[in-house]
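Have the structure open as you read.

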Amino acid sequence: MNDIMRTLLWLPVQASTFASKVDNLHYFVITVTMVASIATGLLAFYFFFKYRERRKAQSTPLVLPSVKFEIVVIGVPLFFFLLWFVQGYQDYVWYTTPPEDAMDVYVMGKKWMWKFAYGDGGPNAIGTLHVPANRPVRLLMTSRDVIHSFYVPDFRIKQDVLPGRYTETWFEATRVGRYQILCAEYCGTWHSQMWGEIVVMPAQEFDNWLVEQRRGLSERVDTSTDDGDNFHGSIVEYGKKIAMSEGCVKCHSFDGEPHIGPTWLDLYQRRETLETGETIIADEAYLTDSMIDPRAKIVKGYKPVMPTYKGRLAAPEAAALVEFIKSLRSESLENVPSKEAIYEPVKRR
């Protein structure tokens with residue numbers, strides 16, 4: 001039945017776990033509305049003959065519907081609308097809650113291309129994203145210029161990509177193959193040419209591919225920092241490079257030692273208490289916001305001395321810094337020299 005409905009509605013293949021949920025709701029809404037429309041049309045056709053005008057003039061009868069009739073007429077459509085809402089809301093909550101074990105990929109939209117960077121030290125790519133089958137993948141997306149929209153018809157996912165903000169979506173591909181990425185938001189002259197491709201590989205084949213891509217990655221690093229466009233190495237290494245060049249080590253340590261600002265060791269997903277008494281989770285959104293507007297949410301015990309990096313960091317650079325912070329975990333800590341550039345404020349007498 002699924003294949004019949006999909007063929008009748010000219011829908012593409014279902015290549016993700018979300019696709020079947022979207023299509024099931026689509027089938028349900030279409031079926032109910034079509035049945036109701038056909039029933040209404042047939043009834044109107046029947047009334048057209050039954051109550052056609054007679055030769056002899058007759059007065060139009062006054063019809064007063066009963067309360068039961070009004071309850072049925074109002075209640076039945078309301079029931080189906082609420083049923084659609086419940087099913088759609090459940091799917092929405094499921095879709096907007098990525099699994100904790102999802103693989104992170106940073107996506108940047110730019111006239112007129114899609115750029116990808118793997119959050120776990122994988123390679124950067126333009127136009128083509130390799131992912132494993134039957135594993136969740138979370139996309140953290142931003143735009144370098146105007147509003148774009150990341151759309152994969154076969155996965156039934158579509159998410160706006162905004163300049164100056166991070167949006168996210170996720171999917172779990174279920175079929176090995178190649179699937180087209182489109183931009184669903186008009187973004188300029190070559191909007192229709194803003195294509196990309198997701199290559200879904202068997203899980204083991206993807207793992208082997210990722211190992212092969214990482215091999216010798218450090219030798220292929222381009223030292224250019226032109227908005228991150230020419231950087232071809234690990235996004236974590238790129239984030240470390242940005243942290244050093246921007247002087248982040250003057251206020252933040254990488255090894256857990258207290259400093260002018262909070263240590264970056266185990267900072268990601270840590271619960272912090274703000275000066276206002278509010279508690280927050282140091283996730284990707286908070287870390288990014290703290291670079292752009294550091295005085296908006298000040299951690300208790302620290303002074304508001306951090307300058308804003310708004311306009312100084314491009315979106316790929318901010319994303320790389322976040323990934324570098326996420327990589328600083330106690331169980332996998334590498335000794336990173338941070339004391340060489342420590343800024344010690346002068347104590348005034």
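## A buried charged pair

Asp 104 counts as buried, at 12% relative accessibility (buried is under 20% relative accessible area, exposed over 50%, partly exposed in between, with a 1.4 Å probe and protein chains only). Lys 326 is buried too, at 13%. Their side chains meet in a salt bridge, 2.6 Å from N to O; the term covers a side-chain nitrogen of Lys or Arg within 4 Å of a carboxyl oxygen of Asp or Glu. Lys 326 sits in helix H7 (residues 315–327) and Asp 104 in strand E1 (residues 103–110), so the bridge ties together parts 222 residues apart in sequence. Helices (H or I, at least four residues) and strands (E, at least two) are DSSP runs, numbered from the N terminus.

This is a predicted model, where local features need pLDDT of at least 70, side-chain atom pairs count only at pLDDT 80 or more, and totals for chains, interfaces and linings use all residues. Residues are numbered from 1 along each chain as its sequence is written, and side-chain values use heavy atoms, leaving out hydrogens and water.

## Another bridge

The count comes to 12 salt bridges. Glu 168 forms one with Arg 138, the closest N and O atoms being 3.3 Å apart. Here Arg 138 is buried at 13%, while Glu 168 is partly exposed at 34%.
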